[in-house]
Amino acid sequence: MRVLILTVGGSDGPIVSCIKNYRQDRVVFLCTEDEDGNKGSRAMVDGDAIISEGRECKKCRFKDVEQKENIVNQCNLSATDYEIHTVPHDDPNKSYEIAFKLIKSFLDDGHDVTVDYTGGTKSMSVGLAVAAMEFPQCNLSVVKGKRQDLIRVRDGMERVSRLPSYIVFAQRQERLCRDLIRDWNYTAAVQILEEMSRNGFVSNEKEFDRLLILCRGFAAWDKFDYQSAVEKISIYKEDPLIAGYNSTLKQICAALDWYEKWSPNSKKAPPVFVVVYDVLLNAERRACQGNYDDAVSRIYRAVEMYGQLCLRTGTPSLTSEDIDVSLLPEQFREHYEKKRASNGRIQVGLTDDYELLAILGHPVKQVWEGWRERILYILNKRNYSFLAHGMEPVSEKDYLEVKETVWSFISDCDQAMKLQKGLAEYVQLPRKL
């Protein structure tokens, strides 16, 4: 069914032209009732008659008075062809609310909806037009024509014009998308863009494709899906905004490839600690979204990962997944041999990683010994958090305390190992594309 929704004001001409032009199956009138001395427009729709006065002659003060049939009769509408809903004279919010519910109801039922906001008070027109712009599939219409003064378009000079209402909707969706990117919510931005594409709301194909592909790439990066991310982000590696991220992403992929293929005899490692920095900044993004438990869990993993990478890149080269006792100083072999599990492996956790690094005289030895108590204290916030072993949520204050401690600890470790580029040089993912 084709539905026409329109506001009714003080002139019947444009409304009659609109109804006759569209020839919809059902007409929905939004009009006002007489109220507190203000004359409403309800009578114009199906009242006894329409009485209109012409302009007053400046010389003789004569006014031409014309009497016409109501709008329903002029358009030959039967009782089943139309419905009437009343709205306030000057409350655009209420007009919007009523119009929104009507439009949504018809669209949900699968009807084709056209909205015309020519008639009515300014508040009525604003409410209806804004409600229509909420639905890109809704057709927006207005009666235009030659004006002889500032009052209104004169009868017989009007024409019905359909407007591209989806443009406003598309612009609003684009703004929403950029707000989501600013919050590092790339996944939600992708959903918005894909919906716009499905509905054909794309004006600049090249720019739209760029934004969508990059959002998909950074959404994958944000989920640690680095291989999927590099496939998309490398497409725009020549873009000045993207070049640095593309380079960093390739470093992460190289580090992970080295990690997967690692053996005690592995060749010199690439800059592997970039993976740790990426996890830490990922935690920062989670915290900015208010997910403090999630953020602290990721920080814990980053501290653990840093120790694991120190072991693999140190001398001797070890893995915390299965300590090779024969490579340890003799006086410590028995101690670690007792940790061998039923699967035959000697696996150690976060604290044991750093204790072993201290035993081996690794460059981070003094840093760990200086920070040990403080690190263990703040990591307990993770251990007793809801996502670990406890039932307590992590507060923003807890997160900030954990972050300040770990960022300082990792930075000191970077300096102790004389890394050319450490955590301080690592750049957060973009908030603008």
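**Close-up views of a predicted model**

**View 1. The segment after H16 holds Ala424.** Ala424 is exposed, with a relative accessible area of 68% (exposed means over 50%, buried under 20% and partly exposed in between, using a 1.4 Å probe and protein chains only). A word on the model itself: it is predicted, so local features need pLDDT of at least 70 and side-chain atom pairs count only at pLDDT 80 or more, while totals for chains, interfaces and linings use all residues. Residues are numbered from 1 along each chain as its sequence is written, and side-chain values use heavy atoms, with hydrogens and water left out.

**View 2. The protein chain has 16 helices and 8 strands.** Helices (H or I, at least four residues) and strands (E, at least two) are DSSP runs, numbered from the N terminus. Of the 433 residues in the protein chain, 46% are buried. Take the contacts between residues at least 6 apart in sequence: 63% of them join residues at least 24 apart (contact means heavy atoms within 4.5 Å).

**View 3. Helix H1 (residues 13-22) is mostly covered.** Here 7 of the 10 residues of H1 are buried, and they are Gly13, Pro14, Ile15, Val16, Cys18, Ile19 and Tyr22. Arg23 follows H1 and is found in the loop between H1 and strand S2 (26-31). Arg23 is exposed, with a relative accessible area of 64%. Its phi is near 50°, a positive value in a residue other than glycine. For background, most residues other than glycine have a negative phi, and most peptide bonds are trans.

**View 4. Asn76 also has a positive phi, near 55°.** You will find Asn76 in the loop between helix H3 (71-74) and strand S5 (82-86). Asn76 is exposed, with a relative accessible area of 66%.

**View 5. Pro92 in helix H4 (residues 92-108) meets Ser123, Val126 and Gly127.** Those are the contacts of Pro92 once its neighbours within four places in sequence are left aside. Pro92 and Ser123 are 31 residues apart in sequence, yet 4.5 Å apart in space, C-alpha to C-alpha. Pro92 is partly exposed, with a relative accessible area of 31%.

**View 6. Helix H8 (residues 205-222) crosses helix H9 (residues 226-233) at roughly 160°.** Their axes come within 7 Å (axes are lines fitted to C-alpha atoms, for helices over the stretch in contact, and angles run from 0 to 180 degrees between N-to-C directions). The angle makes H8 roughly antiparallel to H9 (roughly antiparallel is over 145 degrees). H8 contributes Ile213, Leu214, Arg216, Gly217, Phe218, Ala220 and Trp221 to the contact, and H9 contributes Tyr226, Ser228, Ala229, Lys232 and Ile233. By class, that contact of H8 with H9 has 8 nonpolar, 2 polar and 2 charged residues (Ala, Val, Leu, Ile, Met, Phe, Trp, Tyr, Cys and Pro count as nonpolar, Asp, Glu, Lys and Arg as charged, and the others, Gly among them, as polar).

**View 7. H11 and H12 pack at an angle of about 170°.** The axes of H11 and H12 are 8 Å apart, and the two helices are therefore roughly antiparallel to each other. Residues in the contact include Tyr277, Leu280 and Ala283 of H11 and Ile299, Tyr306 and Leu309 of H12. The contact of H11 with H12 divides into 14 nonpolar, 1 polar and 3 charged residues.

**View 8. The largest nonpolar core has 90 residues.** Such a core is a set of buried Ala, Val, Leu, Ile, Met, Phe, Trp, Tyr and Cys residues joined through side-chain atoms within 4.5 Å. The residues with the most contacts inside this core are Phe218, Trp221, Leu280, Tyr306, Val406 and Phe409. Helix H12 (residues 292-313) gives the largest share of the core, 12 residues. Val406 is in contact with Leu280, Ile299, Val303 and Ile378, leaving aside its neighbours within four places in sequence. A second, separate core of 20 residues includes Val3, Leu30, Leu107 and Leu140.

**View 9. The peptide bond from Thr315 to Pro316 is cis.** Omega of this bond is near 0°. Pro316 lies in the loop between H12 and helix H13 (330-337).

Methods
Angles under 35 degrees count as roughly parallel, over 145 as roughly antiparallel, 65 to 115 as roughly perpendicular and the rest as oblique.
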